[in-house]
Structures are given as C-alpha cells and as structure tokens.
Amino acid sequence: LNLGSFTLFVEKFIADYNLRTKEQHVLFMETVRVQSKQGFNICLFVVTNCKVFLLEPSRNKPTFAAEGETFECWDASWEAMFPREPTVLWERDFSSLVRLWLGYGSQILAVEWQGPGKGQDLVSSPSDNKIQSEVYLFHRPDRCTTLAETLRAAAAQGEAGAVPILMDPAFRNLVLAQTQEEQVLAITVAVHGPKPRQGLFTSEQKADPTPRLFVLTAASVLEFDIKSS
C-alpha cells in the first residue's frame with residue numbers, strides 16, 4: 001500500500017489529463033474499494049488542490065509478469081518500477097460535495113455528490129444534476145477520516161463552503177440488532193483468505209475478494225455483507 005513514487009506519477013498524469021489546471025498537486029491519494037455491478041473494484045481516490053478524481057489502475061498484467069502467470073487483484077507495488085497510466089472514472093469539483101457520511105467502524109465512508117461528475121465513459125445532462133452517493137471501503141482506518149477531513153477542508157475554501165460530516169446510524173443499528181446487546185469489542189472490514197488444501201492432490205481454493213464487515217463481541221464473531229444499494 002506504499003503509494004509514494006506512484007503518487008508523483010499520478011500527479012503528472014492528472015496534469016497532462018486536465019490541461020486547463022496544469023498546476024495541480026495531489027493532496028491525498030489512497031486505494032479504496034468501490035461497489036459496482038461486478039462487485040467491489042479497487043480504485044484510487046485522489047484529491048488535488050483543484051478537483052477530486054476516481055481512477056482505476058491498469059487492468060493489464062504488470063510488466064514483470066511471466067507468460068501464463070495470473071494475478072487476481074491489483075497491488076500498488078506493481079507500479080513501483082514501471083508505473084502505468086490509470087483510467088479516469090470520473091472527476092468532480094469541490095462544489096459538487098453535498099455531505100460526508102462516516103460508516104459504522106472506521107473503514108467506511110459514503111460521499112453524496114451533486115451530479116454524476118465528468119469522465120471518459122460518462123455522458124451527463126442537466127437532468128442528471130441530482131444527488132448521487134458512493135461508498136468507499138478503506139484498508140487502513142486512519143485514511144478514511146483523513147480523506148473526510150481533506151475533502152471538507154478543500155471544499156471550505158471554495159464555493160461549496162462548509163460540508164457536514166455525519167455519522168450514519170443505519171448500518172450501526174442493523175449490526176447492534178444482531179448482537180443481542182452483547183458488548184462490541186472490535187469492528188473491521190476484511191476479506192476471506194484462501195482455503196487450505198483438503199488433501200495431497202487437491203488444489204488450494206482461491207480467496208474470496210468480496211469485502212465483509214466482521215464484528216467481534218464478547219460472545220461471538222459476526223459477519224455481515226456490505227451493500228451500498
């Protein structure tokens with residue numbers, strides 16, 4: 001998850017992509033998982049001093065991959081030596097920020113936007129200028145709150161003004177209803193690892209990449225699906 005040198009590459013990529021705002025500097029960049037029809041996709045959430053971008057890392061195999069070698073999920077280390085250009089899924093102005101919602105735990109952030117944003121595959125019209133929301137899952141808990149504060153601070157300097165940060169009670173109430181008043185000790189978003197071999201001539205089952213919410217209580221461990229719809 002070290003994005004150091006790749007962040008500089010992305011900064012140059014954004015400057016070349018958006019020529020009208022050449023003096024853009026990356027204030028924040030982090031890998032997030034965003035729910036789509038195909039599941040949860042790994043994306044790069046980027047905040048510059050001018051705009052907000054959601055980027056998709058290259059879907060191609062890394063340059064060092066041997067012929068026939070397969071890779072399941074993108075990893076930041078693939079871009080360390082030979083970085084590849086990502087795809088811009090959308091770009092938005094800070095003025096389109098409406099509300100920020102912190103989910104239950106410390107790894108879920110939902111953002112409400114005014115309109116769909118601009119992207120290579122997005123075609124918007126005035127009738128599309130309604131509030132839309134996206135949910136982002138973070139690997140590192142501290143980066144979730146950092147992004148919320150970065151967005152809020154950047155929006156406050158422009159036309160958007162102060163953007164509220166709210167706590168979402170809906171998922172919390174669903175979880176607490178299942179704990180049966182047991183004390184909640186820990187909450188984390190994680191994925192299932194690969195299942196071990198069952199015998200000498202059986203292969204190891206691949207890991208399930210679907211993120212889930214795990215809740216540790218004083219009596220048990222509960223597992224919840226995460227759905228933004």
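Here, buried means under 20% relative accessible area, exposed means over 50%, and partly exposed is in between, using a 1.4 Å probe and protein chains only. Keep that handy for the tour.

What you have open is a predicted model, where local features need pLDDT of at least 70, side-chain atom pairs count only at pLDDT 80 or more, and totals for chains, interfaces and linings use all residues. Residues are numbered from 1 along each chain as its sequence is written, and side-chain values use heavy atoms, with hydrogens and water left out.

**Stop 1: helix α1**

Select residues 4-17, which make up helix α1. Helices here are DSSP runs of H or I with at least four residues, strands are runs of E with at least two, and both are numbered from the N terminus. The expected span of a helix is 1.5 Å times one less than its number of residues.

**Stop 2: charged pairs**

Side chains of opposite charge can pair when their charged atoms come close. A salt bridge is counted when a side-chain nitrogen of Lys or Arg is within 4 Å of a carboxyl oxygen of Asp or Glu. The whole structure has ten of them.

Pick Glu 56 and Arg 59 to start: their closest N and O atoms sit 2.9 Å apart in a salt bridge. Glu 56 is buried at 14% relative accessible area, whereas Arg 59 is exposed at 74%.

Next, select Arg 84 and Glu 79, bridged with closest N and O atoms 2.6 Å apart. Is Glu 79 buried or exposed? It's buried, at 2%, and Arg 84 is buried too, at 12%.

Then go to Arg 212 and Glu 223, a salt bridge at 3.0 Å, N to O. Arg 212 lies in strand β10 (208-217) and Glu 223 in strand β11 (221-225), so this pair ties together parts eleven residues apart in sequence. Arg 212 is buried at 14%, while Glu 223 is partly exposed at 40%.

Finally, highlight Glu 30, Arg 140 and Arg 143, which salt bridges with shared partners join into one network.
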